[in-house]
Amino acid sequence: MKAVKTHVGRCDTCGEPAAYAQLLAGGRSFRFCEQHAPLLVKKQADATNSSNEANSKK
Ligand SMILES: [Zn+2]
């Protein structure tokens, strides 16, 4: 499972602007706002985000 922070799209549950996206096989994705993002998605997105930042600082 891969998850990222996003500013694109809207939460699938409530329609608020999305804060997280969970990326699925086949190019599909789920989007979640801060409220509806599962904890695992938040953790995964934070990990993805910090590794991206580490790479961009080189
Ligand atoms: Zn929501």
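Two strands pair if DSSP finds at least two bridges between them. Strands (E, at least two residues) and helices (H or I, at least four residues) are DSSP runs, numbered from the N terminus. This is a predicted model, in which local features need pLDDT of at least 70, side-chain atom pairs count only at pLDDT 80 or more, and totals for chains, interfaces and linings use all residues. Residues are numbered from 1 along each chain as its sequence is written.

Q: What makes strand 2 and strand 3 a pair?
A: Four bridges join these antiparallel strands, and at least two are needed. Ala 21, for one, has Arg 31 in strand 3 as its bridge partner.

Q: Why are strand 1 and strand 3 called edge strands?
A: The open sheet has three strands in the order 1-2-3, paired antiparallel. Strand 1 and strand 3 (29–32) each pair on one side only.

Q: What makes up the largest nonpolar core?
A: Such a core is a set of buried Ala, Val, Leu, Ile, Met, Phe, Trp, Tyr and Cys residues joined through C-beta atoms within 7 Å. Here it has eight residues: Ala 3, Ala 18, Tyr 20, Ala 21, Phe 32, Ala 37, Val 41 and Ala 45. Strand 2 (20–23) and helix 1 (39–56) give two or more residues each.

Conventions:
A residue is buried if 20 or more other C-beta atoms lie within 10 Å of its own, exposed if 12 or fewer, and partly exposed in between; C-beta atoms are placed from the backbone.
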